[in-house]
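Subject: Structure handover

Hello,

Here is the structure we talked about. Please open it alongside this note, and my findings follow below.

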Amino acid sequence: MNWWETVRSGLAAIRSHRLRSSLTVLGIVIGISSVILTVGLGQGAQKEVEDQIDALGSNLLIVSPGSTTDSSGMRGGFGSASTLTVADASALADRTAVPDVVRVAPATTSSVSLVNGETNWTTSLVGTTTDWLDVRSRELSAGRFFTAAEAASGASVVVIGPDTASELFGRQSPVGQQLSVDGTRLTVVGVLSSSGASSSGTSEDDLGVVPVGTADALTGTTTSTVSTIYVEAASEDLLAAAHQEVQALLASRHGVTTADADFSIATQDSLVETANETNRTFTVLLGGVAAISLLVGGIGVMNIMLVSVTERIREIGLRKALGAAPTVIRRQFLVEASLLGLTGGLVGVLVGVIGAQVLPHLIDQAVAVSALATLAALATSLALGVGFGVYPASRAARLTPIDALRSE
Amino acid sequence: MSAIIELEGVRKTYRTGSMEFEALRGVDIRIDEGEYVAVIGPSGSGKSTLMNLLGCLDLPSEGRYVLAGEDTSRLDEAALAAIRNRRIGFVFQQFHLLPSMTAWRNVELPLIYAGVPRAERKERAVSALTRVGLGDRIDHRPGELSGGQQQRVAVARALVTEPALLLADEPTGNLDSRSTRDVLGLFDELHTSGRTIVLITHEPEVAARAQRNLVFDDGRITVDRPTAAVAPAGAS
């Protein structure tokens, strides 16, 4: 009896118990589709984070101040100290000291209330230089960015994010309009395009950008410290070199060794890594739960195959009397179990893929179905069928024809 | 005439825990090609055990069983399955047809295990069904056939591999008198055309249709005689 005959007779046996077979398959379907969906959710979240971090700008190094230690020895976290200055940023722009850096943008951040007539909106105000636009890979949807001259003189101009624009001006064009911050009037010269990060409503799209001197004047700061310095490396390959140069230069300027630096440098990769670690934990957790449901589905297959062996004991006896060797009987039941598993796998993949299309509309979360995970799910369902079919199949194969024929 | 069946000193002992039960206590039989033999005896006499041994469904505890020139006493499960497939056609009291399959699919089964190609299988199954008079019922399922017709499907299935031996275990036990006549008539025809038939029964009128009767009692053959119908006048 060849394999094709065996598959045909397996299909016939499955078809002759439609309800029972469908319920068995259902267990596998649920298991496989939930594995595909949970892995898809994890990968979707990961992709979303990568998109967001990509939107920060390419080849980017983010320099943050180090921690403070107050008189009682209490240490603040990274960013709590005010060790980075505009002068540091200017030094980093020096091509001879840091040859692999092309652009530098220092940034101060403060929270301000912007007022347009009767409307006000609290947002973060970024004080920076003209390079900010390129370093952060941002574009303008209207107007222009402030010029070098405006930056140098601390002109009263502001570029606002798209969400800020719609909050303050509605459908009106903001360019050329006036905003006031604590009584100081600022002219809106440009509006940023959306950052392109897949989820909207992030702070990337709700902000005001002004020259660093203007920001200091508005917030009354005189120390010229900055909260972040964005550094763009010449290329992705030179990111590591730029990282070392920036580290060496800042360490020497601050009179510290790189080991106890009062600043920290993050790359996009390190940000992506951190975010992915969190996602991976969730994926593993959810995937684990889904895998358990798959296991339960597999046990369902074994249960049904055992019932099937018991129920068809006379058929097995007859087939043996007519010349079926034990291996043929074993193969028949194994193929039947594998077919149940594989059918469950195929339907499960279908449900998973459809679910991946529908789910983002319901929960506002991207689902990425990977071909590898789908193939792995199919292989697993087949393996489940075979694995959980082995015991029932060998039980059928061991039956002696006389006992099997005589049983009522 | 060459021998189809040769049993020499065959014993069969069953063990249940410490209990031993000897179902066959030394049986010697020779059955030649073309013979029509009925095995009779009360229940527990050992005739079912004999049927299992003759059908290669079980192995003797002692002694030799040569079927169509092949010693089967020391074969393993797979080899026995192959012998059953090639040499023996079974007809059972309960028909043992698979209810989900049509008549010709049932008849085709032994050919599948013999590795016969698909097209040839259907042809042979249909011709076997035609031979037992069911050429117009090939697509009926067992449930749509009468008891006598079902048993004829089973006979067709037993014949389809052209086996050396047709082994029937109480083939008329579940049939009414008309179907019994029907099936026995079929056996007579097969005998006339040269088939070797061994039939196990407890009904004297069924046994009387055979050419030779083996009477079993307590695990031994007590009588081995030609039946009255074919025996010369004056024989016992």
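Which residues lie nearest the centre of the largest pocket? They are A:Glu315, A:Arg319, B:Leu98, B:Ser100 and B:Met101. Please keep in mind that this is a predicted model.

**The largest pocket**

The space in the largest pocket comes to about 890 Å³. Its lining counts 35 residues. Of these, 14 are nonpolar, 9 polar and 12 charged. Three helices each supply at least two lining residues: helix 1 (3-15) and helix 10 of chain A, and helix 3 (103-114) of chain B. Helix 1 of chain A gives the largest share, with 7 residues.

**Helix 10 of chain A**

Look next at helix 10 of chain A, which spans residues 313-321. Why is helix 10 of chain A largely enclosed by the rest of the structure? Buried here means under 20% relative accessible area. By that cut-off 7 of its 9 residues are buried, so helix 10 of chain A is largely enclosed. The buried residues are A:Glu315, A:Ile316, A:Gly317, A:Leu318, A:Arg319, A:Lys320 and A:Ala321. Two of these names have come up already: A:Glu315 and A:Arg319 are among the residues nearest the centre of the largest pocket. Just after the helix, A:Gly323 takes a positive phi of about 120°.

**The second largest pocket**

This one holds about 360 Å³ of space. It is lined by 24 residues. Nearest its centre lie A:Arg406, B:Ser48, B:Met51, B:Asn52 and B:Asp169. Helix 13 (401-406) of chain A gives two or more residues to the lining, as do strand 2 (19-32) and helix 1 (47-54) of chain B. The largest share, 5 residues, comes from helix 1 of chain B. By class, the lining has 10 nonpolar, 10 polar and 4 charged residues.

**The sheet in chain B**

How many bridges join strand 1 of chain B to strand 2 of chain B? There are 11, and the two strands run antiparallel. One pair to find on screen is B:Arg11 with its bridge partner B:Arg25 in strand 2 of chain B.

Best wishes

How values were computed
Residues are numbered from 1 along each chain as its sequence is written. Chains are lettered from A and ligands numbered from 1 in the order in which they are written. This is a predicted model: local features need pLDDT of at least 70, side-chain atom pairs count only at pLDDT 80 or more; totals for chains, interfaces and linings use all residues. Side-chain values use heavy atoms; hydrogens and water are left out. Buried means under 20% relative accessible area, exposed over 50%, partly exposed in between (1.4 Å probe, protein chains only). Helices (H or I, at least four residues) and strands (E, at least two) are DSSP runs, numbered from the N terminus. On a 1 Å grid over the protein atoms alone, a cavity is a set of points where a 1.4 Å probe fits but cannot get out, and a pocket is an open set with protein on both sides within 12 Å along at least five of seven lines; lining residues have an atom within 4 Å of a point. Grid points are joined across faces, edges and corners, and a volume is the space filled by probe spheres set on the points. Ala, Val, Leu, Ile, Met, Phe, Trp, Tyr, Cys and Pro count as nonpolar, Asp, Glu, Lys and Arg as charged, and the others, Gly among them, as polar. Two strands pair if DSSP finds at least two bridges between them.
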